[in-house]
Amino acid sequence: MRLNIKYMSLSALAAVILAAGCSQGIDYPVTYNVTLDPGNSYIAGEPVRFNISGDVDNLVFYSGEINHQYLYKDRFSVSPEEINSVKLHIDYQPRNGYANGLSVYITDSFDGLSGDYETDTTMIGKMVREGMPGWNQLEYNEGPSTVWTSQEYDISAYASNFVLAFHWHPVLGTSAQRHYWLNGAITADIKGAPASTTDFTGIDWEAIMLNPEYTQGYYTLSGNPGFNTTKPSTAAIMINGCLGLGGGPDYAHNGWIFTKKMALTSISNDTGIAVKNLQTYMDRYEYVFEQPGVYTVTFVGINDNVEGSSKKVKQLTVNIFPNL
């Protein structure tokens with residue numbers, strides 16, 4: 001708000017200033033403008049020059065490239081409509097022992113383990129007896145011993161609250177109880193953002209062994225036998241069995257390992273570059289687009305002081321051509 005004070009008395013002026021201070025402060029409008037320099041070449045890999053005129057204290061630049069779009073500056077999560085796909089990739093390697101000692105499930109309705117052994121064993125036992133309600137079992141082809149096989153699954157429908165579970169239930173017999181090594185990753189393809197991949201080694205896991213006879217600690221992630229996530233150079237998850245009857249325990253191992261709940265719709269917001277502040281003078285700005293394409297470039301001008309602030313957004317469309 002600008003004040004015409006030429007003919008005001010001191011008392012009237014004081015009243016106006018007091019009223020303004022009690023509302024939104026004195027506003028100093030941003031009066032800058034940005035235009036494309038007519039001498040630009042608009043070729044990928046070559047500078048594009050923006051001419052700046054007017055009065056602005058601070059200037060932030062959004063190039064319009066992935067991760068730097070003004071449209072997504074306040075986006076920290078996405079709706080289902082903004083998800084192109086979410087894929088789960090798992091590499092399996094069975095090791096020794098009898099086949100089919102592993103089951104794989106996904107859900108969006110599991111709250112995790114409580115940490116109380118009696119409560120958790122009761123909860124999982126009920127879950128299994130009732131046929132795993134709310135869980136979807138993933139099929140995979142278990143290859144020969146010590147041979148890696150790979151499977152990929154579309155988990156887009158579970159993106160809002162994803163949980164992956166492996167149930168280890170090897171057969172007890174004269175041979176070894178089967179071991180497994182597991183690697184994997186989750187890749188999210190979201191509109192307006194690069195595909196992001198989270199490796200199994202970057203995921204929070206929780207595990208429980210249901211055998212009362214187990215002596216490594218029921219919730220351990222570094223047990224042997226049991227679940228081990230501490231040797232990523234070998235595998236993100238090592239499920240270690242042991243010898244069969246006559247050389248090992250007289251019970252079949254029974255354990256679960258879960259991812260903690262994951263919101264696969266979370267995303268980092270897009271950011272701009274601060275190209276000018278109050279202490280610097282600037283009448284032009286240059287930026288190099290490395291890839292051809294059509295970009296919506298955004299400049300955000302801000303005047304901000306103790307008496308108020310003002311913002312002006314200026315957008316331009318820039319068509320960058322290939323460097324042939």
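Two strands are taken to pair if DSSP finds at least two bridges between them, and the strands themselves are DSSP runs (E, at least two residues) numbered from the N terminus. The model is a predicted one, in which local features need pLDDT of at least 70 and side-chain atom pairs count only at pLDDT 80 or more, while totals for chains, interfaces and linings use all residues. Residues are numbered from 1 along each chain as its sequence is written, and side-chain values use heavy atoms, with hydrogens and water left out.

**The three-stranded sheet**

- Three strands form an open sheet in the order β1-β2-β16, and their pairing is antiparallel.
- Because β1 (33-36) and β16 (284-288) stand at the edges with a single partner strand each, one side of each is left without a neighbour in the sheet.
- From one strand to the next the twist averages 25°, where axes are lines fitted to C-alpha atoms and angles run from 0 to 180 degrees between N-to-C directions.
- The antiparallel strands β1 and β2 (residues 47-53) are joined by four bridges, and Asn-33 has Ser-53 in β2 as its bridge partner.

- Strand β5 (residues 102-107) runs antiparallel to β8 and is joined to it by six bridges, with Leu-102 standing opposite Trp-168 in β8.
- Strand β14 (residues 255-259) also pairs with β8 in the antiparallel sense, over four bridges, and Trp-256 in β14 is the bridge partner of His-167.

**The largest pocket**

- A pocket is an open set of points on a 1 Å grid over the protein atoms alone, where a 1.4 Å probe fits, with protein on both sides within 12 Å along at least five of seven lines.
- The largest pocket holds about 280 Å³ of space, a volume being the space filled by probe spheres set on the points.
- Its lining has 15 residues, of which Ala-188, Ile-190, Ser-196, Ser-266 and Ile-267 are the closest to the centre; lining residues have an atom within 4 Å of a point.
- Two or more lining residues come from each of β9 (179-190) and β10 (196-199), and β9 gives the largest share, three residues.
- The lining divides into nine nonpolar, six polar and no charged residues, with Ala, Val, Leu, Ile, Met, Phe, Trp, Tyr, Cys and Pro counted as nonpolar, Asp, Glu, Lys and Arg as charged, and the others, Gly among them, as polar.
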